[in-house]
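Hi everyone, thanks for coming.

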Amino acid sequence: MFAHTVIGRQLDDMSNKEKVNISHISGSTFTVQDGSLPQGYEAYQSREQILSVENKNSFDQNGGSNGDAAHHHVSHPTSYTDTMLHLFRGNIGSGLLAMGDAFKNGGLLFAPIMTAVLGVICVHAQHILLNCSEEMHRKTKREKPPGFSETVGLVFETGPGRLRPLAGTIRVMVDTFLCVTQLGFCCVYIVFIANNVKLICEYFCLKAEVSIHMIFVIIPILLFCMVRNLKYLTPFSTFANLLMAVGVGVVVYKAAQDLPPVESREYIATWRQLPLYFGTAVYAFEGIGLVLPLKNEMQKPQLFQKPLGVLNVGMVFVGCIFIAVGFLGYLKYGEEVAGSLTLNLPPGQIISIVVQGLIALAMLFTYPLQFYVPIAIMWPGLRKKYAKTYPVAKELGFRALMVMFTFTLAESIPELGLFISLVGAVSSTALALIFPPLIELVATYQRDGYVPLLTALKDIVIIVLGLFIFVTGTYESVASIIRAFKG
């Protein structure tokens, strides 16, 4: 999951069309005209995202947005290498820094094996989504392939008769999970920034509780979130990419120094800790919304899903990085490993202060981009109903209200590691592990008249795993947060 980042900016003045591609932690795509939100569109996410800004011609016949434009309409198609780099940037971020905490809750032996298994399952689910999107594209003869929630809705809409009435509901469910995930990321960012700022201030003998630092952190965040046009946020996100890359590099280097013996760590964690591991691991891997726009932006999109294509090769490297960082982080810091490895940097050292400042600044610049997705989903409907007069002022008020909502949640749950696990368990599991196999079952039955036994067993196992992580991860995250408050 890439906790921040805008990958690129493309401006095309031809035919009065302006396009800004933004890739970061969510994978969402949506359409905006003239720097403002249209009356209706789809926004879909997951952890790193590409946001397309273009004119109303990108809307389909039903009024939905096709922000993840098909490759034959891409103004600046990406190469294999470019797409690989975007995939890395979209999956490596705050989730990576939390992997040490995940391995603490999994164990030095169990966590690497299970992380590899989860990686394979998540990539398989991404292939399922891509295949279903292509099938819906062909079946509905649309100009462009549908996005995440649109694909899920279309599968039910064109599926067996009994399931068709559920199409609207299932689409709303996907958008709801996207909003919950994105707002959860925003809450994590506030806690993350405040914790790092606290350590920096303590270096200069300015001591205060994390909750006090959150108050000061929310002021610049509130100002950034008043920016309604994506193109003005793009330079900040590009800068955030550079800051994050430098910061993560130093953190990993520090974690690899003076390692204790492997025997000093737990090989398998307790059953109570395992749900926390799953929540954090899924949070890190859940970049499913990224794959559709990345594929559709390629010069040769057929190379994205090949055995040695961008998705498989890229995610093998991403998975190896997650395992290496998680292993080193837990081995180095043991039970003291924090929800972000930046918090374990040696106190009182200039290099630690610089890295914490760089990554905190990167998160600060990324917050408004993560925040853009739930606003893009929620505001158009609210504007039709309540903002017929003074629409700009009311949108800014709504933005401020939602920022303060994330601030309130962050103040209520200041435990970074537990918050990440909670977000991963509540919403990331549904997007990454439940919806993809579900739509494969529906689409396969509608196409073939039956579901092969192996396909049915495979999809049911993935769905059950997703439900297990959802239930146990949510329960244990909430229980651990309560225990932390009582302690």
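Quick word on elements before we start: helices (H or I, at least four residues) and strands (E, at least two) are DSSP runs, numbered from the N terminus. And please keep in mind that this is a predicted model, where local features need pLDDT of at least 70, side-chain atom pairs count only at pLDDT 80 or more, and totals for chains, interfaces and linings use all residues. Residues are numbered from 1 along each chain as its sequence is written, and side-chain values use heavy atoms, with hydrogens and water left out.

Okay, loops. D258 sits in the loop between α8 and α9, and its phi is near 50°, a positive value in a residue other than glycine. D258 is exposed, at 71% relative accessibility; here buried means under 20% relative accessible area, exposed over 50%, and partly exposed in between, using a 1.4 Å probe and protein chains only.

C205 is in the loop between α6 and α7 (210-224). Its phi is also positive, near 65°, and again the residue isn't glycine. C205 counts as exposed, with 65% relative accessible area.

Back to the loop between α8 (234-255) and α9 (274-285): V262 is there too, and V262 is partly exposed, at 32%.

Now the inside. Which residues have the most contacts inside the largest nonpolar core? They're L118, I221 and Y367, in a core of 125 residues. A nonpolar core, by the way, is a set of buried Ala, Val, Leu, Ile, Met, Phe, Trp, Tyr and Cys residues joined through side-chain atoms within 4.5 Å. Helix α6 (residues 167-203) gives this core its largest share, 16 residues.
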